[in-house]
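Biologist: I would like to learn how to read a ligand site in a model. Could you take me through one?

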Amino acid sequence: MSVLLFGFGGVGRTYAELLYERTDLRIAAVFDSRGGAGSKDGFTRSEIRRLLEAPRGGVATSGVGRAVTPDEALDFCHVVVDVSPPNYETGEPSLTLYRKALSRGLAVVTANKAPLALAFSEIAGKRLYYKATVMAGTPLVDLLKGLPPQTVLRVRGILNGSTNYILTRVYKDGVPFEAALEEARRLGVLEPDPRLDLEGVDAAAKLVIIAGTAGMPLRLADVTRKPLAPLGPVTRYVALADLVERRASVEPVRLPPDDPLHVDYTMNAVEITTDANAIIVKGKGAGRLETAYALLNDTLRAVGRL
Ligand code: HSE
């Protein structure tokens, strides 16, 4: 069983290391923004090491394997693992790759939120594994899938780690907003385009994925967004999907002290209200290792090893 790894940044590289350390599965093709390399029988450990030593964007010129296109790689890979950056305009190039892979019966494992945020109803199905898109290593998606036939009435959460980090630094530690933003950038938790975090697109995309999993298909454009703003103690950037009223929003809110959504720094928290229960989940919401582990778990499921 071999993997087509689509994206080779921080998460992709950590995933590749973990896959070879923890499983006998192999990567047979890897792509970055400049090209791809493939090897039908899967890369050996030493080839993976050479790819990991290649500079960013250097997969095609690494001398490992042969030059391949994603279409060619679909012929000899079994699972597509997408760790490419989100494109919230079109979902491409990932969306087209998923359509091709799924129509051939391949599984898709993804940490990329954009295709799901734009086309959840079309692509989400048995062969698409996406728990790495929301709350990274905290398996919220698995939990949501375990709820039916309970009905989810409402989901409220802190879904964006970088803005929660900034707000915690401002209100708990007294750090100026701009300095806290710079710290978040250095921590590597901001999206490559930080406006996606600061304008609520990242949280809205996660909300679409959560709502879709809970039975309310939404599109990204259906989520009302207000940009992050420090409104006073203790502001948090709250995502809310009301599945009864069928509305969803992301906005800064001043939380009362006893609100269960109080989490600090890059932690995430979600409160799920069903017709039978109220569940609170807290856990890490961003991070290379956590995301790579979630992808690994989904990969093992996709090939029937879990
Ligand atoms: N930029 C995202 C966040 C990364 O801050 O939560 C994890 O999805």
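Modeller: Let's start with a term: a polar contact is a pair of N or O atoms within 3.5 Å; within protein, one must be able to donate a hydrogen and the other to accept it, and residues adjacent in sequence count only if both atoms are side-chain atoms. In this predicted model, a polar side-chain atom of Asp-197 lies 2.8 Å from a nitrogen atom of the ligand. For Glu-191, a polar side-chain atom is 2.7 Å from a ligand nitrogen. Val-189 uses a polar backbone atom, 2.8 Å from a nitrogen atom of the ligand.

Biologist: How much of the ligand's accessible area does the protein cover?

Modeller: Accessible areas come from the Shrake-Rupley method with a 1.4 Å probe; for residues, only the protein chains shown count as cover. On its own the ligand has 260 Å² of accessible area, and the protein covers 89% of that.

Biologist: Which residues are around the ligand?

Modeller: A residue is near a molecule if one of its heavy atoms lies within 4 Å of it. Among those around the ligand are Lys-113, Asn-160, Asp-202 and Lys-206.

Biologist: What classes of residue make up the shell?

Modeller: Ala, Val, Leu, Ile, Met, Phe, Trp, Tyr, Cys and Pro count as nonpolar, Asp, Glu, Lys and Arg as charged, and the others, Gly among them, as polar. The shell around the ligand has five charged, four polar and three nonpolar residues.

Key:
Residues are numbered from 1 along each chain as its sequence is written. This is a predicted model: local features need pLDDT of at least 70, side-chain atom pairs count only at pLDDT 80 or more; totals for chains, interfaces and linings use all residues. Side-chain values use heavy atoms; hydrogens and water are left out.
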